[in-house]
Amino acid sequence: FSRSVLRSVFASVLQKQVATFKCDRAIDLDVNLSSHIGLVQSQGDLLVTTPGDVKSLVLRFLEQLEVASDRRAKRNTPQLK
């Protein structure tokens with residue numbers, strides 16, 4: 001909804017691509033997420049998201065920090081051994 005509204009309102013003023021960011025803590029993130037967002041930024045395009053998606057990304061980041069700092073988790077998690 002917000003993407004189509006943004007395009008219709010600003011189409012005559014802005015000639016930019018509109019990218020959508022979605023994040024769900026239950027689904028793995030794209031390993032190229034940082035480069036995709038960097039590309040959107042470098043091209044001056046628009047990135048549309050919701051507060052819930054930003055919250056999910058921040059919570060996922062905090063969870064990964066906790067796992068990385070927990071010594072027992074390092075021993076028990078294959079990717080952190």
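**Figure 1. Arg25 in the predicted model.** Arg25 is partly exposed, at 40% relative accessibility. The model shown is predicted. Arg25 forms a salt bridge with Glu63. The closest N and O atoms of the pair are 2.2 Å apart. Side chains of opposite charge can pair when their charged atoms come close.

**Figure 2. The salt bridge and the chain segments it joins.** How many salt bridges does a search of the whole structure find? The search finds one. This pair, Arg25 with Glu63, links distant parts of the chain. Arg25 lies in the loop between E1 and H2, and Glu63 in helix H3. The two residues are 38 residues apart.

**Figure 3. Ala26 in the loop between E1 and H2.** Ala26 is found in the loop between E1 and H2. Is Ala26 buried or exposed? Ala26 counts as exposed, because its relative accessibility is 71% and the cut-off is over 50%. Ser56 sits 30 residues away from Ala26 along the chain. The C-alpha atoms of Ala26 and Ser56 are separated by 9.4 Å.

Figure 4. Five residues are shown: Val54, Val58, Phe61, Leu62 and Leu65. They form a nonpolar patch on the surface. Together they have about 450 Å² of accessible area. Phe61 belongs to helix H3, which spans residues 51-69. Phe61 counts as exposed, because its relative accessibility is 51% and exposed means over 50%.

**Figure 5. The largest pocket and its lining.** The largest pocket holds about 220 Å³ of space. Rolling a probe the size of a water molecule over the atoms shows where empty space is left. Which residues line the largest pocket? The lining consists of Ala19, Thr20, Phe21, Lys22, Leu29, Asp30, Leu33, His36, Ile37, Leu39, Val40 and Leu47. Strand E1 (18-20) and helix H2 (33-43) are the elements that give two or more residues to this lining. H2 supplies the largest share, five residues. By class, the lining residues divide into eight nonpolar, two polar and two charged.

**Figure 6. Val40 at the pocket lining.** Val40 is one of the residues that line the largest pocket. Val40 is found in helix H2. Val40 is buried, because its relative accessible area is 15% and buried means under 20%. Ala19 also lines the largest pocket. Val40 and Ala19 are 21 residues apart in sequence. In space, they are 7.4 Å apart, C-alpha to C-alpha.

Figure 7. The protein chain has four helices and two strands. From the N terminus on, its elements run α-β-α-β-α-α. What share of the 81 residues counts as buried? The share is 14%. Val40 is among the buried residues.

Conventions:
Residues are numbered from 1 along each chain as its sequence is written. This is a predicted model: local features need pLDDT of at least 70, side-chain atom pairs count only at pLDDT 80 or more; totals for chains, interfaces and linings use all residues. Side-chain values use heavy atoms; hydrogens and water are left out. Patches are made of residues with over 30% relative accessible area and no salt bridge: like charges are joined within 9 Å, nonpolar side chains (Val, Leu, Ile, Met, Phe, Trp, Tyr) within 5 Å. Accessible areas come from the Shrake-Rupley method with a 1.4 Å probe; for residues, only the protein chains shown count as cover. A salt bridge is a side-chain nitrogen of Lys or Arg within 4 Å of a carboxyl oxygen of Asp or Glu. Buried means under 20% relative accessible area, exposed over 50%, partly exposed in between (1.4 Å probe, protein chains only). On a 1 Å grid over the protein atoms alone, a cavity is a set of points where a 1.4 Å probe fits but cannot get out, and a pocket is an open set with protein on both sides within 12 Å along at least five of seven lines; lining residues have an atom within 4 Å of a point. Grid points are joined across faces, edges and corners, and a volume is the space filled by probe spheres set on the points. Ala, Val, Leu, Ile, Met, Phe, Trp, Tyr, Cys and Pro count as nonpolar, Asp, Glu, Lys and Arg as charged, and the others, Gly among them, as polar.
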